[in-house]
Amino acid sequence: MTSRDTVSASAARTRPRRRRGRRVLILLGIPLLAVAAALLLAATFAPTAALANWGVRAVSEHLMGFEPLPDDLRELAVRSKITDRHGEQIALVRDENRILVELDDVPDVVGEAVVATEDREFHEHEGVNWSAIARAGWDNVQAGGIPAGASTITQQLVKNTVITEGDEVAEQTLRRKIQEAAYAVQLEERMAKDDILEQYLNTAYFGNGVYGVGTAAEFYWATDVSELEAEHAALLAGMLRAPEHNNPITNEDAALQRRSVVLAQMAEEDYLDEEEARELADRDLDLEVQETPAGAGSGDMIVDLAIEVLEGEGALGNPPEERFNTLATGGLEVRLTIDQEVQELAEETIAEHLVEDDTPHGALSAVDSRTGEVYAAAHGPHDYEDFRDDFGSPVAAEHLGNEGRQTGSTFKALGLAAALEQGLPPTLELDTATQYTAEDQCVQAGSDEWTVGNFAGAAGGELDMFEATTISSNTYFVELLDQHLGIEPLRDVSDRLGLRRGPGCAAVLGSDSQGVMEMAAAFATFANEGRRCDPHVVAEVRDRNGDVLVDNTEGECSDRLDADVANQVTELLRGPVDEGTAAPTAQIGRPAAGKTGTTDQFGDAWFVGYVPQLSAAMWMGEVRRDDQGEIVSLSHPDCPGGVTGGCVPTTAWASFMGQAVDLLDLEAQDFPEPPELPETEVPSVVGEDEDDAVEILDEAAFESDTETVEDWRPAGEVIDQSPEGGTEAYEGSVVDLTVSDGTGAEPGLPDLTGLSENAALDVLQEFVDDVGVEVSVQTRGVPAAFEGQIGEVTGQSPGAGTLMDDGDQVVLDIGEPAEQFAPDTLRDFFGDDPPGELEDLFDEVFGDDEADEPSEDDDADAGEPDEDADADDGNGEPPEDDAGDDADANDNGNNANDNGNNANDNGDNEDNGNDDGTNGANANGNGGEGGEGDEDEEAEEEGEEGDDADDEEE
């Protein structure tokens, strides 16, 4: 964006001359004017200037009835300057193109040139040059006119600042001359000569819409007034009497000729020597004209935007229609928030990404999230006039009168904020479908029979807010409003964030129109932790004296969302950038968040995104319509499937934002941490009726999803849930329920063989819990046929499929290393044909006949424990019953062969002393054979030891 002068439509705002009654005034005033003219003529021949001044004052006050000279001269109309945030000029707004200068800043030669050609006796007279009037007056009066060619600088100043052309007296030439003379005398009594000359140089008109010598220096030579030299001064002074005739741009010869006359007059008054005057007269004009465009509008959107804003500022006057006049004439300095480098970057970004001849319009606005300052408000690639013709005004900002365009799914961000404010957790899971038909609160809001689908028919599924935002699920957000949120919370949030929202649920999908700047500001609220700063383009306005009229340097900010809510929205909006609809095109190498948006039939495409310090909205849209009056779908060579928010807008946004943060020197920052996701304990609802279970889960802030399966339990009973009751899960997450249909057969005992002992017990526990029976469980150790059986269930009683009743017992055989069992037990368990892995063990134990008949020593060692051992392993007394009895062996799980024939089972060996009851369990399986094998007293004692071990395990 380049600096430019702006001519505003002031002409249409000024009042026309009032001419009513002109002829009547002339006729009625003839006698009076004749008397006044005679007195005025007499004054010219008064013997002293003082007497002449008294005479004209008497005519003015007593005969003509003029009011005294006002205390203050009319304030000069001074152009206003619009600058960017750094004070660099953007444009000028003016009624009269004028800047004020002080006489101390004006070279003496300028005043000398003006005095030499306009009023040689300026420093001698007292407002009216009576001698000059006398010289010219008689001839003019004789000709029926008034004194001409004799007006002093003071009189001209009076004419320019006191007697306006809108007054009726302006129609009476003689009357006006009398008043000018009277006021000039009074003005000379009030002001010093230098002050009068300074004021005159600031009021003078120098052609081409240029007022004041300071403006003339800038316009004709692009320089400051302090740099003017004699030839410049002579040219300007020569234009005063006939600025258009002596215009150096349109009539160079006349201007040169008039300049030569003034230079000669300056020499006559000894302001220049004659040789210097002749040398200067031979020089070229050497102009460097700074053109200012004429016309009704500025031709620049930023300037129009600033003017519209300023016309709403009460500090510039009342009624409102006077505010533009203040801007055009008040000499204001308007400093905008716009950064010209960022503005130019925005304009270039649009032009770069929308390059086709028939391309749609685009707009991009960037707002400081911490202050609301607008760094850029750009449009393109068509010029501003085309933009206004197509839209009525650009969509970049509401201030220009355009209501904007539909925002599509970008508005879902407002839905997130509304949901979180109402306590709905971001982990809220909804079982979405490809389409959703409104049935609850959306119907009440007037959306009867309204069905919404996902973009391109995308499938649904169980989604939480994170997933739904990342993929931009329409059905999730409409169901969220319809079933959980309602319309009013969304409307409330929209109002607080400065956006409009319609009455229906379609608003969450962006059916309402918004301006680009307003969308950027709304998302900036999320970046600023819920504190909204109103977007503004005017930072400060100062009057011509430097006093502040408008101060927006700190912005208008207030809390609109809870910080936790805003930070959680930001966390949700990171999803589209990191891995969703805006990825990877919107990634800029630093933390960013945002949301894409696309309207029906691809008429509009958006991306609104932000970093912690800066928010920017990029929009593109079509304005052309087809034969049916529908907006033509967007098209772009980079988007063969149709232009969505995830195509051109994200690419353009990333290009702009990646450079803007550098231009503004914004360091990469992380977003504030969002609040921890809420977790709570999942209620146990197994065994509950389905409806009751759903209600219990809902009260605990969980969603539920049920599946009915064939099962033997009562229909409608919850038979399983996931996650299980008692576990922690995110609030709003789904608990899957399995419900019985009541038609299945009751299950029998499951097959537990091959499972580890612990796994088998878990399965068995689950089984008894499911069928609702109480059974006892007993485990017993048996020799493992191979190493892989060790620790596994090798057998079960009763067998798999058996129906169980309360009080039934289940016995599990657990494989243990064969080496720890007595030889006879191994032979009794495996017979004479051991498994392959036990052949070596059998050869070692049963390799000769002696192995079948243990020696006396072996008997003594294995079958006859000493008395101390009996005392250690038993109860201190030998048992009275026969330990070899079959019933005893079976009932107590004692195996005489296992314990009675194994010396290691004595109290001398802890490892085999049945401290864990393992051998006692083995005896339960083979006790009968043990009882028959040995009926002597030693066997009885060892059987008793087995009893002790078995009791210890239980």
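I took a disulfide to be a pair of cysteine sulfur atoms within 2.5 Å. The model is predicted, so I kept to its limits: local features need pLDDT of at least 70, side-chain atom pairs count only at pLDDT 80 or more, and totals for chains, interfaces and linings use all residues. Residues are numbered from 1 along each chain as its sequence is written, and side-chain values use heavy atoms, with hydrogens and water left out.

**Count and pattern.** I found 3 disulfides by this rule. Counting bonded cysteines along the chain, I read the pattern as 1-2, 3-4, 5-6.

**C442 and C505.** I looked up this pair and got 2.0 Å from S to S. The S-S torsion is -100°, a left-handed link. C442 lies in helix α17 (residues 441-444) and C505 in the loop between α20 (488-496) and β14 (513-514), so the bond ties together parts 63 residues apart in sequence. Helices (H or I, at least four residues) and strands (E, at least two) are DSSP runs, numbered from the N terminus. I checked burial next, with buried as under 20% relative accessible area, exposed as over 50%, and partly exposed in between (1.4 Å probe, protein chains only). C442 is buried at 0%. C505 is buried at 0%.

**C533 and C557.** The sulfur atoms of this disulfide sit 2.1 Å apart. C533 is in strand β15 (residues 531-533) and C557 in strand β18 (residues 557-559), 24 residues apart. I noted a torsion of about 110°, so this disulfide is right-handed. C533 is buried at 4%, whereas C557 is partly exposed at 23%.

**C639 and C647.** I read 1.7 Å from S to S here. The torsion is about -95°, so the disulfide is left-handed. C639 is buried at 7%, and C647 is buried at 16%.
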